[in-house]
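Subject: Handover of a structure and findings

Dear colleague,

Please find below the structure that I am handing over to you.

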Amino acid sequence: MKILMVCLGNICRSPVAEGIMRSKAEEYGLNIEIDSAGTSGWHNGELPDSRSMANAKENGIDISDQGSRKVVLSDFIEFDLLYAMDESNYNNLIHMCPENFQYKVKMILNEVHPAKNISVPDPYYGNDGFQIVFDLLNEACEKIAINLKQ
Ligand code: 4NP
């Protein structure tokens, strides 16, 4: 099982989702691979946003070893599940994705609130959204881990 977490810049939300999911995989003993990417490529090669790294660290998760990259076509083949952080990421992924792989693309918060299409808010332009993002992603990743364990 290979999971790709996807946001716009791959510096704020999806690196945190990757870090939390890695931690849940260890906690639950899951044999899965996890990566993250952005739909934009604007921050290619950069570390996660310093605010995301600091917030994740406060919550016991180290994401300082990650580097931003853009989603590529082969991701739709290689990964079993691609989790979009928000509706815009979801629409961009579906637009890029060959039709026969579109079933792999999901909104991450639908794991907690099925079919509601709720977005993880983009914290990039504010300072106070990082803990909210962490809590939402922690809840979603916990659910994903429990479902994979069964
Ligand atoms: P992310 O946040 O998609 O959660 O990584 C953003 C990062 C960068 C930008 C926007 C959102 N940006 O406009 O550069």
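Ala115 is exposed, with a relative accessible area of 66%; exposed means over 50%, buried under 20%, and partly exposed in between, with a 1.4 Å probe and protein chains only. This residue sits in the loop between strand E4 (105-107) and H5. Helices (H or I, at least four residues) and strands (E, at least two) are DSSP runs, numbered from the N terminus.

Please note that this is a predicted model, in which local features need pLDDT of at least 70 and side-chain atom pairs count only at pLDDT 80 or more, while totals for chains, interfaces and linings use all residues. Residues are numbered from 1 along each chain as its sequence is written, and side-chain values use heavy atoms, with hydrogens and water left out.

A positive phi also occurs at Asn10, where the value is near 55°. Asn10 belongs to the loop between E1 and H1, and it is buried, with a relative accessible area of 2%. Gly29, which follows H1, has a positive phi near 65°.

Helix H1

H1 has 16 residues and reaches 22 Å from its first C-alpha to its last, close to the 22 Å expected at 1.5 Å a residue; the expected span is 1.5 Å times one less than the number of residues. The helix is mostly covered, with 12 of its 16 residues buried. Among them are Arg13, Glu18, Lys24 and Tyr28. The buried residues of H1 pack against E1, strand E2 (33-38), H2, helix H4 (87-96) and H5.

Glu18 lies in H1 and is buried, with a relative accessible area of 5%. Not counting residues up to four places away in sequence, Glu18 touches Met5, Ile34, Asp35, Ser36 and Gln66; contact means heavy atoms within 4.5 Å.

The nonpolar cores

A nonpolar core is a set of buried Ala, Val, Leu, Ile, Met, Phe, Trp, Tyr and Cys residues joined through side-chain atoms within 4.5 Å. The largest has 30 residues, of which Met5, Met21, Met85, Ile108 and Leu137 touch the most other members. At least two residues of this core come from each of strand E1 (2-7), helix H1 (13-28), helix H2 (50-58), strand E3 (81-84) and helix H5 (130-149). H5 gives the largest share, seven residues. Apart from this core lies another, of 12 residues, including Val6, Phe76, Leu82 and Ala84.

Leaving aside neighbours within four places in sequence, the contacts of Met5 include Ala17, Met21, Tyr83, Met85, Ile108 and Cys141. Cys141, in helix H5, is buried, with a relative accessible area of 0%. Cys141 and Met21 are 120 residues apart in sequence and 5.6 Å apart in space, C-alpha to C-alpha. With neighbours within four places again set aside, Cys141 is in contact with Met5, Ala17, Ile20, Met21 and Lys24.

Cavity and pocket

Both terms refer to a 1 Å grid over the protein atoms alone: a cavity is a set of points where a 1.4 Å probe fits but cannot get out, a pocket is an open set with protein on both sides within 12 Å along at least five of seven lines, and lining residues have an atom within 4 Å of a point. Grid points are joined across faces, edges and corners, and a volume is the space filled by probe spheres set on the points.

There is one cavity of 30 Å³ or more. The largest cavity holds about 40 Å³ of space, and its lining includes Cys12, Arg13, Val16, Asn55, Pro123 and Val133. H1, H2 and H5 each give two or more residues to this lining.

Val133, in helix H5, is buried, with a relative accessible area of 2%. Its C-alpha atom is separated by 8.5 Å from that of Val16, 117 residues apart along the chain. Val133 touches Arg13, Val120, Pro121 and Pro123, not counting residues up to four places away in sequence.

The largest pocket has a volume of about 160 Å³. Among the residues that line it are Cys7, Asn10, Cys12, Arg13, Trp42, Asp122 and Tyr125.

Yours sincerely
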